[in-house]
Amino acid sequence: MASNAPTSATSSAPAPALLQVDSLVKEFGGLHAVNHVSFNLREGSITGLIGPNGAGKTTLFNTLAGAHRPNGGRILLRGRRIDGLPPHRIFAAGLARTFQIPRPFATMTLLENLMLVPADQPGEHFWNNWVARGAVARRERAIRDQALELLAWLGLERLATEPASVLSGGQRKLLELARVLMAQPAAILLDEPGAGVHPVLLAQIAQRLRELPARGVTLLVIEHNLDLVMSLCNPVLVMAQGRLLMEGTPDQVRQDARVLEAYLGAAPVDVRESAT
Ligand SMILES: Nc1ncnc2c1ncn2[C@@H]1O[C@H](COP(=O)(O)OP(=O)(O)OP(=O)(O)O)[C@@H](O)[C@H]1O
Ligand SMILES: [Mg+2]
């Protein structure tokens with residue numbers, strides 16, 4: 001399906017979406033947690049994914065990231081099938097994800113947590129470095145510089161040599177973001193970046209997320225804080241009971257009766273009141 005792929009009267013073939021999800025199915029026993037979901041993730045977008053509790057959002061992420069094997073459908077990253085690949089291959093292909101509850105290595109410093117990441121990356125076969133030993137120190141320095149640059153960008157540089165256990169819940173989310181950015185992914189699936197985060201830090205996280213498309217990173221963001229979604233994301237996808245209910249601009253989503261109904265049927269959230 002290519003419903004939201006950019007179309008142009010002058011070009012015969014529209015640019016493929018960064019991620020194409022085609023009739024994806026994930027079942028648990030008889031439960032269709034993800035039920036024939038299709039959408040395209042436009043390159044350079046910050047796309048939102050909302051829906052009431054149990055709608056299937058995290059299951060969709062887990063299936064896209066390879067933690068669950070789909071029961072049907074296709075997932076293409078830059079036109080190449082990734083469904084059925086193990087998580088580390090999907091990560092190496094450029095699709096990263098963060099977790100609803102991040103768990104950094106608590107006794108390691110922030111810097112060490114970040115410097116662990118790139119060894120798994122393609123084109124960075126660390127055994128090559130055993131052959132070319134002179135490259136090891138240079139490579140270490142480059143990784144360290146990249147980690148320090150990310151920590152500075154996220155306002156965590158003064159904590160670089162502190163153990164991750166000193167971080168607040170919101171700062172852990174920032175470290176988690178830095179961790180996946182170390183791998184220089186094409187896209188990040190963010191599961192509830194705003195959950196449990198102090199409003200001041202939340203504004204900072206939102207601002208950093210807004211800067212990511214300019215750094216070449218496309219985002220798909222699950223979030224229950226609808227103010228955050230509506231100010232950050234376009235388009236917004238809405239899931240309910242395993243299905244994709246609609247896709248639209250924040251305004252379209254706010255005004256869609258089906259969306260309101262899905263939320264009212266499940267939880268006392270009023271999407272119309274969420275605009276700021
Ligand atoms: N590993 C699993 N085994 C069995 N059922 C599961 C599993 N994971 C999720 N489910 C079920 O699949 C459905 C979708 O759950 P999911 O966690 O994807 O929802 P969600 O949209 O992320 O909800 P929330 O907003 O509360 O995080 C729910 O009915 C849930 O109970
Ligand atoms: Mg979830």
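Reader: How many bridges join β3 to strand β8, and do they run parallel or antiparallel?
Author: In this predicted model, strand β3 is joined to strand β8, which spans residues 218–222, by 4 bridges, and the two strands run parallel. Within that pairing, L49 stands opposite I222 of β8.

Reader: And which residue of β9 does L49 stand opposite?
Author: L49 stands opposite L237 in β9. Strand β9 covers residues 236–240, and β3 pairs with β9 in the parallel sense over 3 bridges.

Reader: Is β3 mostly covered or mostly open?
Author: Strand β3, residues 46–50, is mostly covered, with 5 of its 5 residues buried. Looking at the directions in which they point, I46, G48 and I50 go one way from the strand while T47 and L49 go the other way, and all of these are buried.

Reader: Switching to the ligand, which residues surround ligand 1?
Author: The residues around ligand 1 are F28, L31, A33, G51, N53, G54, A55, G56, K57, T58 and T59. Sorted by class, that shell holds 4 nonpolar, 6 polar and 1 charged residues.

Reader: Which elements supply at least two residues of that shell?
Author: Strand β2, residues 31–41, and helix α1, residues 57–64, each supply at least two residues of the shell around ligand 1.

Reader: Ok, and which gives the most?
Author: Helix α1 gives the most to the shell around ligand 1, contributing 3 residues.

Reader: How many residues of α1 are buried, then?
Author: Of the 8 residues in α1, 6 are buried, and the helix is therefore described as mostly covered. The buried ones are K57, T59, L60, F61, T63 and L64, and K57 and T59 also belong to the set surrounding ligand 1.

Reader: Why would residues three or four places apart in a helix point the same way?
Author: An α-helix has 3.6 residues a turn, so residues at a spacing of three or four places point the same way.

Reader: What does the backbone do just after α1?
Author: Just after α1, G66 takes a positive phi of about 90°.

Reader: Zooming out, how many helices and strands does the protein chain have?
Author: The secondary structure of the protein chain comes to 10 helices and 10 strands. Across its 276 residues, buried residues make up 37%.

Reader: What share of the contacts join residues at least 24 apart?
Author: Counting contacts in the protein chain between residues at least 6 apart in sequence, 66% join residues at least 24 apart.

Technical notes
Residues are numbered from 1 along each chain as its sequence is written. Chains are lettered from A and ligands numbered from 1 in the order in which they are written. This is a predicted model: local features need pLDDT of at least 70, side-chain atom pairs count only at pLDDT 80 or more; totals for chains, interfaces and linings use all residues. A residue is near a molecule or strand if its C-beta atom, placed from the backbone, lies within 6 Å of it. Ala, Val, Leu, Ile, Met, Phe, Trp, Tyr, Cys and Pro count as nonpolar, Asp, Glu, Lys and Arg as charged, and the others, Gly among them, as polar. A residue is buried if 20 or more other C-beta atoms lie within 10 Å of its own, exposed if 12 or fewer, and partly exposed in between; C-beta atoms are placed from the backbone. Two residues are in contact if their C-beta atoms, placed from the backbone, lie within 7 Å. Two strands pair if DSSP finds at least two bridges between them.
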